[in-house]
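Visitor: I'd like to learn how to read a structure like this one. Can we go through it feature by feature?

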Amino acid sequence: MSTKTPAAPAQQQAQAAPRLPNPGSRKLFRAIEPYIWIAPSIILMAIFIVTPIVKVFQLSMNKVTRAGKLKGFNNFENFTSVIKDPAFAVVLKNTILWTIAVVVISTVLGFILALILNNEFKGRKIARAIVVFPWATTLVIQASAWKFIVNTDYGTLNALLKSLGIIDASVNWTPNPTAWFTWEIACGIFVTIPFVCFCVLSGLQSIDASYYEAATVDGAGYFQKLFKITLPLVKSSLTVSTVLNIIYVFNSFPIIWTMTKGDPANRTDTLVTYLYKLAFYNGKQGEASAVSVIGFLILLICASVYMVYTLRKGDEDL
Amino acid sequence: MEVVSWNDIYTVVNTRVSNNAAPDILNIDTFADYVGDDLLRPIKDFVSDETYAKFYPAFIEQSNIDGTIWAIPDLASARAMYYNKDILEASGVDKVPTTWAELKDACQKIKAANPDVYPWGVDMTTDEGQACFAYYSWNNGGDFTDASGNWTLNSAENVEAVEYIVGLVKDGLTNNDPATQTRYDLQELFATGKVAMMIGPNQISNYVAGKENPINFGIASIPANEGKETASVGVMDRFMVFDKDDTDDKVDAIKTFFDFFYEDTRYSEWVIMETFLPATSTGGEIMAAADPDAASWIDIVGSAKFYPTAKAEWADVKQGVINVEQQALLGGNVQELLDTLQSQIAG
């Protein structure tokens, strides 16, 4: 959409420019022209990105009543009461575990899947299309399906195992919070793999086949080629997918909310589901905003580290 | 008029309030937070005496803060015990349980006769775990508050109540995952004969009857501890009016609206259509005459207890007791958990 918006003014400007009377105003126009072009994006970003961020920071520093009225600066009380709550430590630990487990495992599996799909074989197009499915389906539907699969009473996993004669009676696949959280991580991995797979696949396809031919002539084995040619050349794609995944997974809400709502007793909560409950179940919008700000800062640090790392690397290449 | 889904209504109302665009009349369940922010005007100003006289006095009292009535009820629902007659009979349970000991005994018999059936349904989820607390606390002579409105969350009755229901879960006499199975899940399990008994709202009757092979079920009072009186749990929604320095004309218009809304025939038809229970005694009489099945429910709702929603700490208490239940399921000590909650709430 944003690419279409400037198209119409572009024509008008092209016609208008030659009609400018003197070179001075033409110079002025040249000077401000770039800003006119980026103005729509800046305005959109200001409305949809900066305003909410400012608003959340404002809420986090204020005493907020349940009905949503701001009652003034309260000396970071929202932050201290959030951090003092024993549930917060549990939730923070879950969030880190959730992010690392989902990102690392889905990256490894997505990479392997991409290597497989990069080979020539019959039905490769269909296989690639199938890989997109989990990605193209809404997360709520995915999570509901997983919840249904592992359900003790009418779940398909028990039904399947029973019909195969592996088990006689229904097994409770979710006897404790750890089991629930493991299933949620499994679901998270399942829906994240396609994204990694396609990022890596695009990197793989841009590798010139002659590298491999040359390596083969020189007598390199499969793993030598994998680690000396493939990995270095898809590294940039992998870095992009990993960083984006860290942000997406860290902020992911639907899977956990649909499967357990963070229950029991915050054992499966992450920061995002926790702050949602704080805001809309406990009516503590100030504290919820504080949790949101903490999450924002954690991600900001991760993103900054990444940007410093990649920018420095760019300089070396020069 | 703006209709908002129940899931989003608090967000929508709060956004409107913080942008100084509060609605004139609001139909929702809670009201104490708005009173706390001085946003409402006493409801008596907006309701004609004739209409005001129709409400059950016990219902009106639920909207009383410091002697002022801030809202009027529009409908209510109440809870009772549903039981599967066929399962009870097949398991040799001759008498519908009325006490906790009888309930546990019945559960053990059902479990022995049908290992595949969950004898008792329990919902301790984030959605409605506070109802679970009320079912056992109120039927053990306990309560959230004492008669003068002080929080009594860690009373001996409440500790015993939570220990009783957590005990049933640990003995394997209930559904296997009360922290994530909502009452909708239980309702489905009950309707398909997987749960033998559960506590639920009056809408379950319709839900079960609408199934392809409806089970044979009965309705009874919620079992109470020995020597304690049974209490139902009532839930009500309310109308409230925001204070906007209204002109007399507008006040009259709102009065006319309420007179129209609560006109007996129109009101009872609406309540029946919504499968809820009426909040006016005149509406209740019409409904009882129309449907004898509803008559027993109207008796139950007339004697129902309600959550202390008029107290500002209620939202914290609600999430607090749910957390206590879930911690207790994970092995926490009920007395210590309730002590902690009590000190957090009452300071």
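Predicted model: local features only at pLDDT ≥ 70, side-chain atom pairs only at ≥ 80, totals over all residues.

Visitor: Let me try the labels. Where is the place of Asn119(A)?

Guide: Look in the loop between helix H4 (86-117) and helix H5 (124-136) of chain A.

Visitor: And is Asn119(A) buried or exposed?

Guide: For that we count C-beta atoms, placed from the backbone: 20 or more others within 10 Å of a residue's own make it buried, 12 or fewer exposed, and anything in between partly exposed. Asn119(A) has 7 C-beta neighbours inside 10 Å, so it counts as exposed. Its C-alpha atom is 39 Å from that of Val272(A), which is 153 residues away along the chain.

Visitor: On to chain B. How many residues of H7(B) are buried?

Guide: 10 of the 10, so H7(B) is largely enclosed by the rest of the structure. Among these buried residues are Cys132(B), Phe133(B), Tyr135(B), Tyr136(B) and Trp138(B). They pack against H8, strand S6 (195-201), strand S8 (233-241), strand S9 (305-306) and H15 of chain B; contact here means C-beta atoms, placed from the backbone, within 7 Å.

Visitor: What span should H8(B) have?

Guide: The expected span is 1.5 Å times one less than the number of residues. The 15 residues of H8(B) should therefore span 21 Å, and its end C-alpha atoms are 21 Å apart, which agrees. Just after H8(B), Gly172(B) takes a positive phi of about 75°. The buried residues of H8(B) include Ala161(B), Ile165(B) and Leu168(B), and the cover over its buried residues includes helix H6 (100-113), strand S5 (118-121), helix H7 (129-138), H15 and H16 of chain B.

Visitor: How do I describe two packed helices?

Guide: Give the angle between their axes and the distance between the axes. Axes are lines fitted to C-alpha atoms, for helices over the stretch in contact, and angles run from 0 to 180 degrees between N-to-C directions. Helix H8 (residues 156-170) and helix H16 (residues 334-346) of chain B pack at about 130°, with axes 9 Å apart. That makes H8(B) oblique to H16(B); under 35 degrees is roughly parallel, over 145 roughly antiparallel, 65 to 115 roughly perpendicular and the rest oblique.

Visitor: Which residues meet in H8(B) and H16(B)?

Guide: Asn158(B), Val159(B), Val162(B), Glu163(B) and Val166(B) in H8(B) meet Val334(B), Gln335(B) and Leu338(B) in H16(B). They divide into 5 nonpolar, 2 polar and 1 charged. In that scheme Ala, Val, Leu, Ile, Met, Phe, Trp, Tyr, Cys and Pro are nonpolar, Asp, Glu, Lys and Arg charged, and the others, Gly among them, polar.

Visitor: What about the contact between the chains?

Guide: It takes 27 residues from chain B and 19 residues from chain A. On chain B's side, helix H1 (9-18), helix H2 (32-36) and helix H15 (314-329) each supply at least two residues, and H15(B) gives the most, with 7 residues. By class, that side has 9 nonpolar, 13 polar and 5 charged residues.

Notes. Residues numbered from 1 in each chain as written. Chains lettered and ligands numbered in written order. Helix = DSSP H or I, 4+ residues; strand = E, 2+ residues; numbered from the N terminus. Contact = placed C-beta atoms within 7 Å.
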